[in-house]
Amino acid sequence: MNRFEVKDHEPSFLPEGSWKLVWADEFDGTELDTTKWDYRLNMMGMRWPAWVDRGVHLDGESNVVFTLTEEDGRPVSAQLQTGYNFMDQPIVQTQFGNDHLQWNIGKLHENKFTHAYGYYECRCRLQQKPEGWWSAFWIQSPVIGASLDPADTGVEIDIMENFKTGTVASHHVFTGGYGLDMTHSKVGGVSGLDQSEYHYFGLLWDETGYTFYVDGVEDGKITDKLTARPEFILISTEVKGYRHAEHAPVPAAFDAIGDTFVVDHVRVFDRID
């Protein structure tokens with residue numbers, strides 16, 4: 001891996017070749033840059049009970065801090081995104097002219113940042129109590145599932161997901177949406193990480209597939225479900241249990257209230273050789 005220096009910040013570690021930085025957030029200052037990020041509050045057409053637009057702050061030392069908080073007696077947390085999935089927004093009753101017909105998607109939004117081929121990197125310190133909530137760094141097509149062809153409507157690429165102490169789950173690529181036509185491929189996964197230290201998680205996305213990196217070491221490559229559809233970035237936290245039928249937090253989530261997930265930077269690079 002090549003070391004890429006960023007003035008007054010921690011370096012990046014990039015695959016061989018020449019690269020230029022095309023988008024980044026170093027989380028400088030004390031206010032979240034809302035020209036780059038929005039909160040994700042909805043999923044699959046409903047207001048999601050696990051997510052809020054609070055519990056995120058910049059610490060003044062070039063980090064964004066996600067905190068597991070409690071509201072109305074339940075643990076909740078936040079997700080940040082640079083774009084929007086067209087199927088997430090709740091449906092609002094509409095008419096087509098004078099006809100009582102319903103388009104089964106909600107209000108659409110302009111994406112803040114989408115990108116295709118390149119190298120995506122996040123440096124972060126994982127949450128300390130993964131039994132109650134989890135963290136993730138991933139990208140998603142705004143129109144995933146609108147067709148069966150990933151080249152046409154894109155994929156979801158899970159670069160980092162931390163569900164258990166010291167463990168990064170296998171890296172996944174999903175396509176076909178999230179229903180009957182969903183398919184996925186997976187590779188890699190790492191154990192033995194020191195949860196108290198900062199780690200680098202990276203994705204090289206090019207014409208040949210998706211190569212994943214953990215702390216500068218390659219952790220597998222997926223060569224199917226290829227696409228060049230621009231995608232948006234997400235930094236996620238989520239309380240465990242809300243995806244079960246009861247949509248209720250697991251008991252361990254209450255024990256984790258006050259825990260934090262800390263992100264030092266997110267950067268996107270283009271190859272220039």
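These legends go with several close-up views of one predicted model.

The model is predicted, so local features need pLDDT of at least 70 and side-chain atom pairs count only at pLDDT 80 or more, while totals for chains, interfaces and linings use all residues. Residues are numbered from 1 along each chain as its sequence is written, and side-chain values use heavy atoms, with hydrogens and water left out.

**View 1. An open sheet of seven strands.** Let us start with the sheet, whose strand order is β4-β11-β20-β13-β14-β15-β16, with antiparallel pairing. Strands here are DSSP runs of E with at least two residues, numbered from the N terminus. Two strands pair if DSSP finds at least two bridges between them. The edges are β4 (38-39) and β16 (183-187), and each of these pairs on one side only.

**View 2. Strand β13 and its two partners.** Eight antiparallel bridges join β13 to β20, and six join β13 to strand β14 (residues 156-162), also antiparallel. On the β20 side, tryptophan 133 has valine 239 as its bridge partner. On the β14 side, look for tryptophan 138 opposite aspartate 158. In a regular strand the side chains alternate between the two faces of the sheet. In β13 both faces are covered: Trp133, Ser135, Phe137 and Ile139 are buried on one side, and Trp134, Ala136, Trp138 and Gln140 are buried on the other. Buried means under 20% relative accessible area, exposed means over 50%, and partly exposed lies in between, using a 1.4 Å probe and protein chains only.

**View 3. Glutamine 140 at the end of its strand.** Glutamine 140 belongs to strand β13 (residues 133-140). Why does glutamine 140 count as buried? Its relative accessibility is 1%, and the limit for buried is under 20%. The side chains of glutamine 140 and tyrosine 178 are joined by a polar contact of 2.8 Å. A polar contact is a pair of N or O atoms within 3.5 Å; within protein, one must be able to donate a hydrogen and the other to accept it, and residues adjacent in sequence count only if both atoms are side-chain atoms. Leaving aside neighbours within four places in sequence, glutamine 140 is in contact with residues including Asn85, Val155, Glu231 and Leu234. Contact means heavy atoms within 4.5 Å.

**View 4. Aromatic rings in pairs.** Rings of Phe, Tyr and Trp (its six-membered ring) pair if their centres lie within 6.5 Å; planes under 30 degrees apart count as stacked, over 60 as edge-to-face and the rest as tilted. How many aromatic pairs does this rule give? The count comes to 13. In one of them, the rings of phenylalanine 66 and phenylalanine 261 have centres 5.6 Å apart and planes at 45°, so the pair is tilted. Phenylalanine 66 sits in strand β8 and phenylalanine 261 in strand β21 (residues 260-271), 195 residues apart. Tyrosine 119 and tyrosine 213 make an edge-to-face pair, with 5.8 Å from centre to centre and 65° between the planes. Tyrosine 119 is in strand β12 (residues 118-125) and tyrosine 213 in strand β18 (residues 209-214), so this pair ties together parts that are 94 residues apart in sequence. Both tyrosine 119 and tyrosine 213 are buried.

**View 5. A ring cluster and a lysine.** Ring pairs link Trp23, Phe27, Trp37 and Phe113 into a cluster. Lysine 36 lies over the face of tryptophan 23, 5.7 Å from the ring centre. A charge sits over a ring if NZ of Lys or CZ of Arg is within 6 Å of the ring centre and within 35 degrees of the ring normal.

**View 6. The nonpolar cores.** A nonpolar core is a set of buried Ala, Val, Leu, Ile, Met, Phe, Trp, Tyr and Cys residues joined through side-chain atoms within 4.5 Å. The largest has 53 residues, of which Ile157, Ile233, Val263 and Val266 touch the most other members. Strand β21 gives the most to this core, with four residues. Apart from it lies another core, of six residues, among them Leu14, Leu204, Tyr213 and Phe269.
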